[in-house]
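Here is a friendly briefing to read alongside the model. Have the viewer open and follow the topics in any order you like.

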Amino acid sequence: MAIETIFAHVSCSNLEASIGWYEKLFGKPPLRRPMPGLAEWQFTDSAEVQLFEDKDKAGTSTLTLGVLPLAPERQRLVNAGLQPGPIEEADHFWIMRMRDPDGNLVVFASTERD
């Protein structure tokens, strides 16, 4: 198997409302709206996130994002009007958790705190 791209998938109850929240999270609007009920953000040639309207599965997704460093990213999210949790120390890295409007878990992971 030769995987070239991975799409992280997040289910939401209302695509239009969720797009506004994720635009703040990612700092940019979606790159594509390839079909009804779907929005996509692209970060690199192989890293993309899909936001899909599915009321039955909304709130059950987990999205983990790797960022460097973590503290400035947390401040950017606060400045954007979002409510990230505290920075937590793990064995060899740092994490920060928050929930989107549907309750989906968004985790930021970093090897650098500041």
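How many aromatic pairs does a search of the whole structure find? The search finds 5 aromatic pairs, where rings of Phe, Tyr and Trp (its six-membered ring) pair if their centres lie within 6.5 Å, and planes under 30 degrees apart count as stacked, over 60 as edge-to-face and the rest as tilted. This is a predicted model, in which local features need pLDDT of at least 70 and side-chain atom pairs count only at pLDDT 80 or more, while totals for chains, interfaces and linings use all residues. Residues are numbered from 1 along each chain as its sequence is written, and side-chain values use heavy atoms, with hydrogens and water left out.

**Aromatic rings**

- Ring pairs link Trp21, Tyr22, Phe26, Trp41 and Phe43 into a cluster.
- Tyr22 and Phe26 are separated by about one helical turn, because they sit 4 residues apart in helix H1; helices (H or I, at least four residues) and strands (E, at least two) are DSSP runs, numbered from the N terminus.
- Tyr22 counts as buried at 1% relative accessibility, and Phe26 is buried too, with a relative accessible area of 13%; buried means under 20% relative accessible area, exposed over 50%, and partly exposed in between (1.4 Å probe, protein chains only).
- Phe26 also pairs with Phe43: the ring centres are 4.9 Å apart and the planes lie at 65°, so this pair is edge-to-face.
- That pair links distant parts of the chain, with Phe26 in helix H1 and Phe43 in the loop between E3 and E4, 17 residues apart.
- Phe43 counts as partly exposed, at 36% relative accessibility.

**A charge over a ring**

- Arg113 lies over the face of Trp94, at 5.5 Å from the ring centre; a charge sits over a ring if NZ of Lys or CZ of Arg is within 6 Å of the ring centre and within 35 degrees of the ring normal.

**Strand pairing**

- Strand E3 (residues 38-42) has 4 of its 5 residues buried, so it is largely enclosed by the rest of the structure.
- E3 pairs with strand E2 (residues 32-35) in the antiparallel sense over 2 bridges; two strands pair if DSSP finds at least two bridges between them.
- Across these strands, Arg32 stands opposite Glu40 in E3.
- The hairpin of E2 and E3 has 2 residues between the strands, and Gly37 takes a positive phi near 85° there.
- E3 and E4 run antiparallel and are joined by 5 bridges, and a hairpin connects them through 4 residues.
- Two positions to look up on these strands are Trp41, which stands opposite Val49 in E4, and Gln42, which stands opposite Glu48 in E4.
- E4 also pairs with E1, in the parallel sense over 7 bridges, and here Val10 stands opposite Leu51 in E4.

**The largest pocket**

- About 260 Å³ of space lies in the largest pocket.
- On a 1 Å grid over the protein atoms alone, a cavity is a set of points where a 1.4 Å probe fits but cannot get out, and a pocket is an open set with protein on both sides within 12 Å along at least five of seven lines; lining residues have an atom within 4 Å of a point.
- Grid points are joined across faces, edges and corners, and a volume is the space filled by probe spheres set on the points.
- The largest pocket is lined by 16 residues, and the closest to its centre are Phe26, Phe43, Leu65, Gly66 and Val67.
- Two or more lining residues come from each of strand E1 (6-12), helix H1 (15-26), strand E4 (47-53), strand E5 (62-66) and helix H2 (70-79).
- E4 gives the largest share of this lining, 3 residues.
- The lining divides into 10 nonpolar, 3 polar and 3 charged residues; Ala, Val, Leu, Ile, Met, Phe, Trp, Tyr, Cys and Pro count as nonpolar, Asp, Glu, Lys and Arg as charged, and the others, Gly among them, as polar.

**Prolines and a glycine**

- A cis peptide bond joins Leu68 and Pro69, with omega about -25°, and Pro69 has its place in the loop between E5 and H2.
- Pro34 lies in strand E2 and is partly exposed, with a relative accessible area of 48%.
- The C-alpha atoms of Pro34 and Pro69 are separated by 32 Å, and the two residues are 35 apart along the chain.
- Gly20 lies in helix H1 and is partly exposed, with a relative accessible area of 31%.
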